[in-house]
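Hi,

Here is the structure I promised to pass along.

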There are 2 protein chains.
Amino acid sequence: MSDLINKQILLKSRPVGEPTESDFALVETSIPEPGDGEILTRTIYLSLDPYMRGRIGASKSYTTNVELNSAIVSGTVSQVVKSNHPHFQARDIVLDYNGWQTFGVSKAELLRKLDPTQAPISYALGVLGMPGMTAYFALLDIGQPKVGETVVISAASGAVGSVAGQIAKIKGSRVIGIVGSDEKRDFVVKELGFDAAINRKKQELNAALQEAAPNGIDVYFDNTAGAILETVLHQINLGARIPLVGLISEYNAVSPPPGPNLRPLLINRAVIKGFLVRDYQHRQNEFLSDVSNWLKSGKLKYKEDVVVGLENAPRAFIGLLQGENFGKLIVKVGDDYT
Amino acid sequence: MSDLINKQILLKSRPVGEPTESDFALVETSIPEPGDGEILTRTIYLSLDPYMRGRIGASKSYTTNVELNSAIVSGTVSQVVKSNHPHFQARDIVLDYNGWQTFGVSKAELLRKLDPTQAPISYALGVLGMPGMTAYFALLDIGQPKVGETVVISAASGAVGSVAGQIAKIKGSRVIGIVGSDEKRDFVVKELGFDAAINRKKQELNAALQEAAPNGIDVYFDNTAGAILETVLHQINLGARIPLVGLISEYNAVSPPPGPNLRPLLINRAVIKGFLVRDYQHRQNEFLSDVSNWLKSGKLKYKEDVVVGLENAPRAFIGLLQGENFGKLIVKVGDDYT
């Protein structure tokens, strides 16, 4: 492999507030050699997700932060170049965690083999991967939507929200999405079948929610926290369930902003529960089975926002935190499987 | 009854911020006549509880607000004067909901007969009544403390907190109380058997909690919300449970203050759940059985703060919201049962 070059994007400085492109640097290094039991892969797609903001910041995250001058972490769909493990062979397509680089070495136990005949391989980074599984378990285990109940979803056109909303529809709930543009509003209603959607940048959220959810809110699938959560809390019903799945509104905050007043939680005996998908790894098969079937039967639709070229990852990630993506954001790093 | 006078304390104005004595007025009226199926009682004790602040304010509460120029509502222990219902007879002692007045008429289904040989009758307003039942179910159903876990309780010397802490001890947890004076701190440790207590007015809460709870916090029984909740959240463990039972810190607030940043909830997959005791009415017997037994065996201790005289109820209530009481606050309105 010594004739090939590995391109990496390194973390150069920990952003304070919004990341800028100067926090990242593209470098060229040599391609690593896989050791015993390890596998060398080349990246086809990498995933950009809001949680990564926590990994590059200075504050305590729920996992180890990315070290300065290391490649940014992310899920990837990759192709095996060289395998020192019997379960994987050259040319296999795998779900990997290579990060922002064109080549990487992983231990076999971190890889999952993908079957390109079952679904587009990039889906393993979205609807059939971490974001889809987040939507599935946070909604069904914490949200527990029932037929006829009202479910509100923030960041509703994104990788997680779009799947959560469609699953809530499958379960017979009335679903209202909160989004950041008219285009996204039309998408979740017309393409995904949500009952209503609100463009929070144009509409006054409190009044718009009252109109869209005249019977109050039973489940709020919270991807954002912040002002949206505060407003939603004033319209929850008795016994409402709120999976707290993401904090998009404050990932760029320099210091943690205050949260919502919790009086509506007490009055309504409602529950807010934090969710991390890693706790559900042992139940992955339930998720894969249901969501694959819904995709095949057309009950579930999925939209990707594909940016081409590793060098564009920083700019795309900065935009993601501002809601500029439309659908699940991934970066195409290398040629498709060959 | 026409030769007797009913004294009542009426709500004269809805307080904005801290209530003042001028928001209340003592009046004398005639004693009401009980109708069919109704019972006339005279008040022996009335209960003062923080939740009543919500009933006299202007904002939406979880129950009907007290009307202007009506008697303030509260639980009472009363003696039957005249009964038009076969289940009750003159001289019976009952748990009632007569409010701040010396006589009242109630429907039979709202009364519960008390047995003065089983426990002091005033206990029905505290450890064997609504506050005790709040402590019992909020702790056991939401908090679910386990042997060796750390439980933190705010307003820990009060009617609810003192019972919750002792039950957590009975369940084998390490219990830390947060209180507002050195006297109360000594009380919960030396009298009630808490493992530690913090005087939040003298000690820096964050550092004091780290010292008292070196293994982190598994259950936070929250009577106060506000700054205490914010500080506690930074020290919760994975899977922490937080019953939100009261909002003492903000009952007097003119507008709802912001709440805590919820990031620690997400990172720790913790849960905050609102609690109202009325949801557990159907399980009252479980509570009465356990707590009566613990009282009789000496496992549970109970302290009352008795103010004498109906006319002193407003001042005592204002003090309650500032933490001036020491133990369960009740007002002795009339002679004990005769």
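Below is what I found on the salt bridges.

First off, keep in mind that this is a predicted model. Opposite charges on side chains can pair up when the charged atoms get close. Over all chains, the count comes to 24 salt bridges.

Let me start with chain A. A:Asp49 and A:Lys328 pair up through their side chains, with an N to O distance of 2.9 Å. They sit in distant parts of the chain, 279 residues apart: A:Asp49 is in the loop between strand S3 and helix H1, while A:Lys328 belongs to strand S15 (residues 328–332). Both A:Asp49 and A:Lys328 are buried.

Another one to look at is A:Arg315 with A:Glu21, where the closest N and O atoms are 3.2 Å apart. Here 294 residues separate the partners, with A:Arg315 in helix H9 (residues 313–320) and A:Glu21 in the loop between strands S1 and S2. A:Glu21 has 41% relative accessibility, so it counts as partly exposed.

Chain A also has a network of salt bridges linking A:Asp141, A:Arg283 and A:Glu286.

Over in chain B, B:Glu38 forms a salt bridge with B:Lys107, and their closest N and O atoms are 3.5 Å apart. B:Glu38 lies in strand S3 and B:Lys107 in strand S6, so the pair ties together parts of the chain 69 residues apart in sequence.

Cheers

Definitions and conventions. Residues numbered from 1 in each chain as written. Chains lettered and ligands numbered in written order. Predicted model: local features only at pLDDT ≥ 70, side-chain atom pairs only at ≥ 80, totals over all residues. Heavy atoms only, no water. Salt bridge = Lys/Arg side-chain N within 4 Å of Asp/Glu carboxyl O. Helix = DSSP H or I, 4+ residues; strand = E, 2+ residues; numbered from the N terminus. Buried < 20%, exposed > 50% of the residue type's maximum accessible area, 1.4 Å probe, protein only.
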